[in-house]
Amino acid sequence: MPDAPMDRQEAFSGTKQVAEALAFDEARLAAWLEKNVEGFKGPLTAKQFKGGQSNPTYMIEAASGKYVLRRKPPGKLLPSAHAVDREFRVISALHGVGFPVAKPYVLCEDDSVVGTMFYLMDCVEGRVYWTPDLPDCDRAERGAIYDAMNETIARLHTVDYEAVGLGDFGKPAGYVSRQIKRWSQQYRASETQEIAEMERLIDWLPGATPPDTGASIVHGDFRLDNMILARDEPKVLAVLDWELATLGDPVGDFTYHLMQWHMPPSRFGSGTGSLVGLDLDALGIPTMEAYVARYCERTGRDGIPDIDFYFAYNFFRLAAILQGIVGRVRDGTATNENAAAMASQVTPLAETAWRFAERAGAR
């Protein structure tokens, strides 16, 4: 556990030297890319992005330009996790209809090239904010950035997934129920301590799940620090980290995005950023209620019933995701030196989830 508060912006921004356990033969990669990516020319050098907890992500600087490579981590992995092939498929489909994602180039399923499956995409230059208060923006720009985020997730949830070739990307019905089952199993696989609230949630959530509100492409981890903003305007250039994307209930996806308004603050910077305790009006950041209303306008909804259940589910899900990172520390496959700090956030997330569960009728 770190002994000083973490500055998320400093800790997660930019690149670093590639960790020894995640290094690969750069010449071999360059040779493979020259054969498989039109216009690619080596030699290349690789640096590792500081951010990214799950799939190691690299800045590739080559004679032909800058690229980004995402790969499966090596070693023991949880079942169905780190699906970079699914990431490549969804961004390929969305790029084809002009949704803001990086241009994908190639998927490599041959483990002999860098050691695990990977894909290569364009390097999108812009701003990434790791704290939701947008510290170097003025009041007007903060409001505009939040509206751009809102428009982007609403747009995602209204993409015709059949028309873009993703009709078999997941099962449209029963998404939340499957997520509860999946993350209960993943939590058990990576559990390092007993947390009473997680036990209660695992028992209560399956029987309390409301009917689906519809079906769409869902991102699974849609938040400010998973997008690149233009440097000179409040515009989303690329949404990142599609590892958890599938088809499912868009309200489950949107209420995950809303968690920043209720996120337990962490002095260690773990988990995700929090708006709790901030003067939103002074900052120019919308209230959650105003943000929800704008999303509903854009997607043709009357509102979000059962929101307390959705918050209970999403805080439980995030607690299980972070516990998975803690488990990877235990197993020696964590790809981020800040991963150990995640352990401090699992219990507060579980406690927050249970408070929402009680508001939704849990006893």
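A salt bridge is a side-chain nitrogen of Lys or Arg within 4 Å of a carboxyl oxygen of Asp or Glu. The exercises below use a predicted model.

**Exercise 1. Which salt bridge do the side chains of Glu-87 and Arg-70 form, and what does the pair tie together?**

Step 1. Check the distance. The side chains of Glu-87 and Arg-70 meet at 2.7 Å, N to O. The cut-off is 4 Å. The pair is a salt bridge.

Step 2. Glu-87 lies in helix 3 (residues 84–95), and Arg-70 lies in strand 4 (residues 65–71). The two are 17 residues apart in sequence, so the bridge ties together separate parts.

Step 3. Look at burial. Buried means under 20% relative accessible area. Glu-87 has 0% relative accessibility, so Glu-87 is buried. Arg-70 has 6%, so Arg-70 counts as buried too.

**Exercise 2. Are Asp-147 and Arg-298 buried, partly exposed or exposed? Find their salt bridge and what is linked to it.**

Step 1. Start with the distance. The side chains of Asp-147 and Arg-298 form a salt bridge at 3.0 Å, N to O.

Step 2. Find each residue along the chain. Asp-147 sits in helix 4 (residues 139–156), while Arg-298 sits in helix 9 (residues 288–299). They are 151 residues apart, and the pair links distant parts of the chain.

Step 3. Asp-147 is at 32% relative accessibility, so Asp-147 is partly exposed. Arg-298 has a relative accessible area of 24%, so Arg-298 is partly exposed.

Step 4. Widen the view. Asp-147 and Arg-298 belong to a network of salt bridges with Arg-294 and Glu-297.

**Exercise 3. How many salt bridges does the rule count? Describe the one between Arg-188 and Glu-191.**

Step 1. Take the count. The rule gives 15 salt bridges.

Step 2. Go to the pair. The side chains of Arg-188 and Glu-191 meet at 3.3 Å, N to O.

Step 3. Classify both ends. Arg-188 has a relative accessible area of 39% and is partly exposed. Glu-191 is at 24% relative accessibility and is partly exposed.

**Exercise 4. Where are Pro-43, Leu-134 and Asp-241 in the chain? Describe the backbone at each.**

Step 1. Pro-43 is in the loop between helix 2 (26–36) and strand 2 (44–49). The peptide bond from Gly-42 to Pro-43 is cis, with omega near 5°.

Step 2. Leu-134 is in the loop between strand 6 (118–122) and helix 4. Its phi is near 45°, a positive value in a residue other than glycine. Leu-134 has 0% relative accessibility, so Leu-134 is buried.

Step 3. Asp-241 is in the loop between strand 9 (236–239) and strand 10 (246–248). Phi of Asp-241 is near 60°, again positive in a residue other than glycine.

Notes:
Residues numbered from 1 in each chain as written. Predicted model: local features only at pLDDT ≥ 70, side-chain atom pairs only at ≥ 80, totals over all residues. Heavy atoms only, no water. Helix = DSSP H or I, 4+ residues; strand = E, 2+ residues; numbered from the N terminus. Buried < 20%, exposed > 50% of the residue type's maximum accessible area, 1.4 Å probe, protein only.
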